[in-house]
Structure formats: structure tokens, C-alpha cells
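Load the model in a viewer and keep the selection panel open. The stops below say what to select and what is there.

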Amino acid sequence: MIVVEELFKSFNKVNALDGLNIRVPKGINGLIGPNGAGKTTLIHVLTGLIKPDSGRVEVMGLEPWSQRYELMRKVGVLLERPVFPTNVSGMRYMLHVIRVMGLPEKEAVEALRKVGLLNHADRKVSGYSSGMKIRLGLAKAIVGRPELVILDEPTSNLDPRGRIELLKLIKTMHRDEDISFLISSHVLPELQRVCSWVCLMNEGRAIEQGFIDDLLDKYASKIYAIRVSKPRELAEALSGLNGLKVRLVKDTVYIKGDASIFLQELLNLVIKTGNEILGFHQFGRSLENVFLKALEEERHES
Ligand SMILES: Nc1ncnc2c1ncn2[C@@H]1O[C@H](COP(=O)(O)OP(=O)(O)OP(=O)(O)O)[C@@H](O)[C@H]1O
Ligand SMILES: [Mg+2]
């Protein structure tokens, strides 16, 4: 869907993109990285807003800078700080958008309905709250059913309900209309919930990219907590196994070791000791952990 090879873009002396290589598959995908990593710059390049200094970029088979008008129909975008004309209503703004794109009027209504703005469509944009402005930007991004929608920190100004609704909308549009997404965000648990693939950027390069499950496995700790009905019995039985560290704290058994080795035996021992599993948790199996650990490793290497 997106191919980026050896991409460079600098502003004065800042290398915002510094030899970036990524390949984004179809699906719901995340773009993460610390402030200043180059996420917004990349999004500007991908949507043909700025011309890179060098490197290859392909988005849905198009070269964004030279083919940005063709790209507009295939790729929708919500920028980090979208600007709207203030003196018009939401509806009038959307009618202008679809006219530029050559789409029928009903598409404007449909997009406003999807983002939950139809009831406010006749109000002036200047009177919109920041969350409503995000919704309007989102309506522009999804109008006309693009193949790919790129969102730069879409939830940063939304209230909790607005966030949940947005994530639901993204999932629904992906499932029902086969629209792919690339979402930049600092809210990692949120991305972990909706994305199947993620790229971690730092200083203009991709330091990790891949399917989230694989990245979670790669960086997760080997420490597990299991809560059972008879913890003492289970802890004692587990202590007999080779290569495991077992500790009992209150009603929780902590195990340090390789799950691929002890998991089957653990289940056997749970049954043997007449236990019931009440909870199971692996520490560090989170996108936040991937983010912190991968950046830490990168710092040690450089
Ligand atoms: N128009 C510009 N002029 C000068 N420097 C710029 C410009 N745009 C970006 N930069 C610099 O390029 C680097 C990457 O910025 P970018 O906005 O792409 O990061 P980001 O990953 O989106 O960060 P954030 O998470 O804070 O949004 C930063 O050092 C930034 O200061
Ligand atoms: Mg940014």
C-alpha cells in the first residue's frame, strides 16, 4: 500500500526524514515515535504536500508529489492541525470539498453523518469545539470512500466517548468498506486495540515495523503472573520444574521463564492440583513496552 525507500527530507539543518525505509501493508496501521521523530513530515510527503529531497515514495501505486490530484481521490488525510474557513457552516465546507473532488452532493451528507456531525452541519465552523473540528476534518478525510485514510493524531483533542466512537468508526469502515488506515498517535493502548501493524520512528528513521503481535512477543518480558484458587499448591508443584523461577505473593504465583517450555506443564499442574485459573498476565506485552524498549536498544547501539 505504501512503499518508502531511502527517504530524506531536511529543513535547514534538521534531518526530519533521514533515510527512512518502510512498507505498510493493507489494514489498520499505526505510526508511532517520540515528538520530532518525523511522523508528520512523513505524512506530508505521503499526501503530496511536501516534496522529499530524495528517495522513493509510492502510495497506492502513485508518486504523491507529481500525482497529487490522482492521489486525492484514493487517499484521504486528516492533518495534525487542520485549518478550516471559519465563516461557513460545516455543510457548506463539505459541499466545497466534494465540488473540488468532483463527487455527488450526497457524499458530503453521508460523510457528515458517519462522523456524527449531521446535527451540527448548519452551524458555523467558527463555533465548533476542537473535537467537532476533528470530526469535520475526518469527514473530509473519508468523503468519497478513499482506499486509504491517513490520520495525524486524530484523537488528541477528543473526549473519551469521542475517542471510542472514532476507533469504532475506523474499525467499521475497514470491515465494511475495506478502507485501510495509517494512524499516527501517542496514545499507544488505543493503537494497540485497533491496529494490526505498526511502525516506530525515531530521528527520521524506522527503528521497528511489523505486525503488532510479533512486536509484542519480541519485547515482552518472560515474567508471568497467574492467579489460581489454590496458589500455594500450584507454586509448590511448579518449583519442581527445571529452568523456572517461581514466587508466591499473596494469592498470585509469579513465574519467570520461557512460556514455550512451561505452559503445557503449567496446565497439567493446574489440573493435577485441583486448581481453577482466575487470571493470567504476561508483563510488558504492550505497545508502550515496545516503544520504550526499542528506543532504549537504539540508544545503546548508537
Ligand atoms: N516546516 C518545518 N520547518 C523546520 N523544521 C521542521 C518543519 N517541519 C518539521 N520540522 C522539524 O522536523 C523534525 C520532525 O518533525 P515532525 O513534525 O515531522 O515530527 P513528529 O514526529 O510529527 O512529532 P510530534 O509527535 O511532535 O507531532 C522536527 O525536528 C521538527 O522540528
Ligand atoms: Mg506530528
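**Ligand 1 and its shell**

Start by selecting ligand 1 with His186: an N or O atom in the side chain of His186 is 2.8 Å from an oxygen atom of the ligand. This is a polar contact, meaning a pair of N or O atoms within 3.5 Å; within protein, one must be able to donate a hydrogen and the other to accept it, and residues adjacent in sequence count only if both atoms are side-chain atoms. The model is predicted: local features need pLDDT of at least 70 and side-chain atom pairs count only at pLDDT 80 or more, while totals for chains, interfaces and linings use all residues. Residues are numbered from 1 along each chain as its sequence is written, chains are lettered from A and ligands numbered from 1 in the order in which they are written, and side-chain values use heavy atoms, with hydrogens and water left out.

At Ala37, a polar backbone atom is 3.2 Å from an oxygen atom of the ligand. On its own ligand 1 has 630 Å² of accessible area, and the protein covers 63% of that (Shrake-Rupley method, 1.4 Å probe; for residues, only the protein chains shown count as cover).

Now show the 14 residues around ligand 1, of which Gly36, Lys39, Thr40, Thr41 and Glu80 come nearest; a residue is included if one of its heavy atoms lies within 4 Å. Helix α1 gives the largest share of this shell, three residues. Helices (H or I, at least four residues) and strands (E, at least two) are DSSP runs, numbered from the N terminus. By type, the shell has five nonpolar, six polar and three charged residues.

Move to Ser185, in the loop between β7 (180-184) and α7 (188-194). Is Ser185 buried or exposed? Ser185 counts as buried because its relative accessibility is 3%; buried means under 20% relative accessible area, exposed over 50% and partly exposed in between, with a 1.4 Å probe and protein chains only. Its side chain reaches the backbone nitrogen of Val187 at 2.9 Å. Beyond its neighbours within four places in sequence, Ser185 is in contact with Leu31, Ile32, Glu153, Thr155, Glu190 and Leu191, where contact means heavy atoms within 4.5 Å.

From that list, select Glu153, in the loop between β6 (148-152) and α6. Its phi is positive, near 50°, in a residue other than glycine. Glu153 is buried, at 18% relative accessibility.

**Met60**

Go to the loop between β4 (54-59) and α2 (68-74) and pick Met60. Met60 is not a glycine, yet has a positive phi of about 50°. Its relative accessible area is 17%, so Met60 is buried.

Select α4 (residues 106-114) and colour Glu107, Ala108, Ala111, Leu112 and Lys114, which are buried. Viewed down the axis of α4, these fall within an arc of 160°, so they line one face of the helix; the arc is that of the directions from the helix axis to the C-beta atoms. Their cover includes α3 (90-101), α5 (130-142) and α6 (160-177). After α4 comes Gly116, with a positive phi near 75°.

Finish at α8 (residues 212-219), whose buried residues are Ile212, Leu215, Leu216 and Tyr219. Their arc around the axis is only 100°, so they are on the same side of α8. Asp213 and Lys218, on the other side, are exposed. Show α7, β8 (197-202), β9 (205-211) and α11 (287-301) as well: these are among what covers the buried residues of α8.

Note on methods. Nonpolar A, V, L, I, M, F, W, Y, C, P; charged D, E, K, R; others polar.
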